[in-house]
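This report describes selected structural features of a single protein chain.

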Amino acid sequence: MPFEAASRAIREACLPRWVLLLSLSTALVVVLELFALPASLLVGPMIAAIFLALVIGKGQMRVPYWPLQCGQALVGLMMARAITPDILATMAKDAPLFMLVIVSVIAIAGVLGYLLTRLQVLPGTTAVWGSSPGGASAMVIMSEAYGADARLVAFMQYLRVVLVCVAASGVSRLWVGADGELPPLVLFPPIDWSAFAATVLLACCCVYATFRFRIQGGTIILPLLAGSLLQGFDLLTIELPMWLLAISYALIGWSIGLRFTRSILKHAARALPRVSASILLLMSICGLMAVALHIFAGIDPLTAYLATSPGGADSVAIIAASSDVDLPFVMAMQVGRFVVILFTGPMLARFIARRSGLAESPA
């Protein structure tokens, strides 16, 4: 039972190790923020956990079940917060164009994932989840629920996030001289406590419903659906202070990193050249799609490029906000693609698994 597993994990955990993990995670987040690298709140704890897992051995530490599930649900609510009426209106106005671009990007990413799967660069359908162009944290969480290796999915997803962010920032600087820098973290902003309580309650209800009805990927899907609907009808203001998201990201990052072994790290290193090549190819094709948007739809080049960038929606949003672009269009394309991927990802992974004839074989 999850309660028993959680209590056993707490009893078995060595306090000095957790203190060391927390300290190392904090230091890495600060370093990543100094270099303005994206997803630092998740990547920093994940790297710290990988280091500690390699030093003390896999399985010696693990994140308790219920806090991890709540952290995942809060990430789902964070994504629901991005689905605003303005973005939905922008998508509805140019629905055929949006669907054409979104489906094209997903199809291209699926083909690349299929090729990596056929070449057995990564086990099973791991490459399919890792190639999904958007919602990195959601893809990592959902991939595990559907049997893929979350460690290697995280490796692919966050490598792409970094490459996309660097490329988008560089293009933005060359085009309009925008700095594209990440704003400083504000961990303790003012809080609407009633909205905060309602948000946390909704997250807990989604976690319980996922566990009670055994919904695969439910800790992401349920909060996303419930949160976006309640927010859309003005029944809920999703209040997620950065300190709470930082805890959620840390729990998810630790959960992934603490399961790493030397063999899985060697596997990732061997796969790095081909995985990097597939990411750069996807970015290049998306760049050609941006050219097509500019020529045939009259979208300005920088807006088109940022809108079609394959993933890293939060980082792309920061760069777009500091540039002279159509921000609602960029965010509508990014959010729309994420929502489509969220619901088609499992079907695509199963389809490619059947076509490739490869079963999951997580390390």
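## Aromatic pairs

Y65 has a relative accessibility of 29% and therefore counts as partly exposed. The model in which this residue is described is a predicted one. F211 likewise counts as partly exposed, at 28% relative accessibility. In total, the structure holds seven aromatic pairs. One of them joins Y65 and F211: the ring centres are 6.3 Å apart and the planes stand at 70 degrees, so the pair is edge-to-face. Y65 belongs to helix 4 (residues 65-81) and F211 to helix 10 (residues 193-213), so this pair ties together parts that are 146 residues apart in sequence. Y65 and F211 also form one aromatic cluster with W66.

A further aromatic pair is formed by F98 and F329; it is tilted, with 5.2 Å from centre to centre and 50 degrees between the planes. Because F98 lies in helix 6 (residues 95-118) and F329 in helix 16 (residues 327-356), the pair ties together parts that are 231 residues apart in sequence.

## The nonpolar core

The largest nonpolar core has 112 residues. Those with the most contacts inside this core are L21, L122, Y158, W254, V275, L306 and L342. As a general background, nonpolar side chains in soluble globular proteins tend to be buried together.

Which residues does W254 touch? Leaving aside residues up to four places away in sequence, W254 touches W18, L21, L22, S25, P45, A49 and V63. Among these, L21 is itself listed with the residues that have the most contacts inside the core.

## A nonpolar surface patch

Nonpolar side chains also occur on the surface, where V30, V31, L34 and F35 form a patch. Together, these four residues have about 430 Å² of accessible area.

V31 lies in helix 2, which covers residues 15-34. With a relative accessible area of 39%, V31 is partly exposed, because this value falls between the limits of 20% for buried and 50% for exposed. The C-alpha atom of V31 is separated by 8.6 Å from that of G44, and the two residues are 13 residues apart along the chain.

## Salt bridges

How many salt bridges does the structure hold? There are two. In one, the side chains of R259 and E144 meet at 2.1 Å, N to O. This pair links distant parts of the chain, 115 residues apart: R259 is in the loop between helix 12 (242-257) and helix 13 (262-297), and E144 is in helix 8 (residues 136-145). R259 is partly exposed, with a relative accessible area of 23%. E144 also counts as partly exposed, at 35% relative accessibility.

The other salt bridge is formed by D149 and R151, whose closest N and O atoms are 2.9 Å apart. Both D149 and R151 are buried.

## Loop residues with positive phi

Most residues other than glycine have a negative phi. Q120 has a positive value, near 55 degrees. Q120 is placed in the loop between helix 6 and helix 7 (126-131). Its relative accessible area is 56%, so Q120 is exposed.

R214 also has a positive phi, near 50 degrees. This arginine lies in the loop between helix 10 and helix 11 (218-232). R214 counts as exposed, at 75% relative accessibility.

## A buried loop residue

I238 is found in the loop between helix 11 and helix 12.

The contacts of I238, not counting residues up to four places away in sequence, are L77, A80, R81, T199, G227 and Q231. For one of these, A80, the C-alpha atom is separated from that of I238 by 8.3 Å, although the two residues are 158 residues apart along the chain.

Definitions and conventions: Residues numbered from 1 in each chain as written. Predicted model: local features only at pLDDT ≥ 70, side-chain atom pairs only at ≥ 80, totals over all residues. Heavy atoms only, no water. Core = buried A, V, L, I, M, F, W, Y, C linked by side-chain atoms within 4.5 Å. Buried < 20%, exposed > 50% of the residue type's maximum accessible area, 1.4 Å probe, protein only. Contact = heavy atoms within 4.5 Å. Patch = residues over 30% accessible without salt bridge, like charges linked within 9 Å, V, L, I, M, F, W, Y side chains within 5 Å. Areas by Shrake-Rupley, 256 points an atom, 1.4 Å probe, with all protein chains shown as cover. Helix = DSSP H or I, 4+ residues; strand = E, 2+ residues; numbered from the N terminus. Phe/Tyr/Trp six-rings, centres within 6.5 Å; stacked < 30°, edge-to-face > 60°.
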